[in-house]
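Trainee: I am new to this structure. Could you take me through it by question and answer?

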Amino acid sequence: MAESTDLREAISDAVKPGTSLYITGFTHLINFAAAHEIIRLGIKDLTLIRLTPDVVYDQMVGAGVAKKLVFSYLGNPGVGNLHAIRRAIEGGDLEWDEYTHGSLIAALRAGASGLPFAPVEAVGRTDLHRYNDAFQFVTCPFTEQETAVVRPLRPDVAIVHVQRADRNGNAQVWGSVGDIREAAHAAQHVIVTAEEIVDEDLLRTDPNRTVMLGLHVDRLVEAPWAAHPSYAQGSYARDNQFYRRWAELSSTPEGVEQYLQEEVFGVDGRQQYLELHRERALELSRVGELMSSPVNFGDNAAIAAVQEQ
């Protein structure tokens with residue numbers, strides 16, 4: 001059963017200097033609140049792993065908490081470069097390993113399954129293996145052809161944001177699920193943050209939205225708006241204004257430092273951060289309604305009764 005706690009305590013207990021860390025979220029549910037808490041706590045020498053580093057890792061690299069970046073696409077989505085990461089790589093201040101989306105997911109799945117490697121045949125047709133020694137070649141026992149494989153990835157900690165969870169840590173997502181299952185199952189420890197904590201009975205009415213069972217979760221945190229300026233499908237929209245603003249701010253080290261002082265170090269947690277963005281949050285929360293249609297799972301008692309007739 002997951003231990004319920006606050007975000008600062010959860011991160012202080014799980015994330016240490018030198019930790020390999022995966023913050024999940026593919027387009028939405030990107031946990032900026034957790035990243036900001038790590039920066040405030042001054043936890044450094046981290047290996048940051050994500051399919052798309054996004055602005056969240058650009059901020060962490062700009063804050064000086066990262067030693068290495070493991071990724072498969074690098075950019076500020078829809079805007080342009082991640083300037084802080086680019087400066088760090090070009091300046092020799094950040095180690096980095098590049099994957100493809102498919103091979104990074106394959107590496108996580110291998111890690112989750114306890115496998116020595118996973119086949120990634122498409123990588124063999126690129127030159128990535130020349131620059132990342134996580135890729136090797138083996139002889140296929142069935143075809144006797146050389147096949148590219150990737151070493152498993154097992155992050156020390158995965159931090160996962162979801163729309164809702166129950167108090168046991170069972171977690172549900174709608175919209176893009178992305179990399180949540182792979183990263184969480186591969187990680188040694190998992191922190192789940194949720195927009196809301198609900199009764200288990202509510203999750204049982206729609207079990208197919210469950211992406212993770214509580215038995216995989218070490219710590220559970222109720223954290224509304226943890227994904228801003230990213231979004232949570234059905235709760236609030238992506239803050240495109242901020243992504244464009246970050247492109248301008250991050251173009252210089254001074255701009256990054258200004259942002260960190262005002263919106264990370266200058267606040268004591270997510271509640272104060274939201275006070276800075278109160279009007280914008282109200283705008284972003286006007287997402288309208290497009291409800292999914294209900295389905296009939298059948299009542300277990302009724303099913304059991306007719307089965308015995």
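Predicted model: local features only at pLDDT ≥ 70, side-chain atom pairs only at ≥ 80, totals over all residues.

Trainee: Which residues of helix H1 are buried, and on how wide an arc do they fall?
Mentor: Helix H1 covers residues 7-14, and its buried residues are Leu-7, Ala-10, Ile-11 and Ala-14. They line one face of the helix, because seen down the axis of H1 they fall within an arc of 90 degrees.

Trainee: What do the buried residues of H1 pack against?
Mentor: Strands are among the partners: S9 (157-166), S11 (189-198) and S13. The partners also include a helix, H2.

Trainee: At what angle do H1 and H2 pack, and what is the hand of the crossing?
Mentor: Two packed helices are described by the angle between their axes and the distance between the axes. For H1 and H2 the axes are 10 Å apart and the angle is about 65 degrees. The crossing of H1 past H2 is right-handed.

Trainee: Which residues meet there, and how do they divide by type?
Mentor: H1 brings Leu-7, Arg-8, Ile-11 and Ser-12, and H2 brings Ala-33, Ala-34, Glu-37, Ile-38, Arg-40 and Leu-41. The residues of this contact between H1 and H2 divide into 6 nonpolar, 1 polar and 3 charged.

Trainee: Is Glu-37 buried or exposed, and what does Glu-37 touch?
Mentor: Glu-37 lies in helix H2. Its relative accessible area is 3%, under the 20% cut-off, so Glu-37 is buried. Not counting residues up to four places away in sequence, Glu-37 touches Leu-7, Arg-8, Ile-11 and Gly-269.

Trainee: Which residues of H8 are buried, and which are exposed?
Mentor: The buried residues in H8 are Phe-242, Tyr-243, Trp-246, Ala-247 and Leu-249. Seen down the axis of H8, they fall within an arc of 170 degrees, so they line one face of the helix. On the other side of H8, the exposed residues are Arg-244 and Glu-248.

Trainee: Which helices cover the buried residues of H8?
Mentor: The cover includes H3 and helix H2 (32-41). It also includes helix H4 (83-90) and helix H9 (253-263).

Trainee: How do H3 and H8 pack, and which residues make the contact?
Mentor: Helix H3 (residues 54-62) and helix H8 (residues 240-249) have axes 11 Å apart and an angle of about 35 degrees. Their crossing is left-handed. From H8 the contact uses Phe-242, Tyr-243 and Trp-246, and from H3 it uses Asp-54, Val-55, Asp-58 and Gln-59.

Trainee: How do the residues of that contact of H3 with H8 divide?
Mentor: The classes here are nonpolar, polar and charged. In that order, the counts for H3 with H8 are 4, 1 and 2.

Trainee: What is phi of Asp-54, and is Asp-54 buried or exposed?
Mentor: Most residues other than glycine have a negative phi. Asp-54, in helix H3, has a positive phi, near 60 degrees. Its relative accessible area is 3%, so Asp-54 counts as buried.

Trainee: What is the order of the strands in the open sheet of 3 strands, and which stand at the edges?
Mentor: The pairing is antiparallel and the order is S6-S8-S7. Each edge strand has a single partner strand, so one side of each is left without a neighbour in the sheet; these are S6 (118-119) and S7.

Trainee: How many bridges join S8 to S6, and how many to S7?
Mentor: S6 and S8 run antiparallel, and Pro-119 has Val-149 in S8 as its bridge partner. S7 and S8 also pair in the antiparallel sense, with Thr-139 bridged to Glu-146 of S8. The S6 pairing has 2 bridges, and the S7 pairing has 5.

Trainee: How many residues of S8 are buried, and which helix lies across S8?
Mentor: S8 is mostly covered, with 4 of its 5 residues buried. The helix lying across S6, S7 and S8, at about 70 degrees to S8, is H5 (residues 101-113).

Trainee: Where is Glu-144, and is Glu-144 buried or exposed?
Mentor: S7 and S8 form a hairpin with 6 residues between them, and Glu-144 is in the turn with a positive phi of about 65 degrees. The loop runs between strand S7 (135-139) and strand S8 (146-150). At 66% relative accessibility, Glu-144 is exposed.

Trainee: What is the omega of the peptide bond from His-228 to Pro-229?
Mentor: Pro-229 is in the loop between strand S13 (219-222) and H8. Most peptide bonds are trans. The bond from His-228 to Pro-229 is cis, with omega near 15 degrees.

Notes. Residues numbered from 1 in each chain as written. Heavy atoms only, no water. Axes fitted to C-alpha atoms, helices over the stretch in contact; angles between N-to-C directions. Left-handed = near helix turned anticlockwise from the far one by under 90°. Contact = heavy atoms within 4.5 Å. Nonpolar A, V, L, I, M, F, W, Y, C, P; charged D, E, K, R; others polar. Buried < 20%, exposed > 50% of the residue type's maximum accessible area, 1.4 Å probe, protein only. Arc of directions from axis to C-beta. Pairing = 2+ DSSP bridges.
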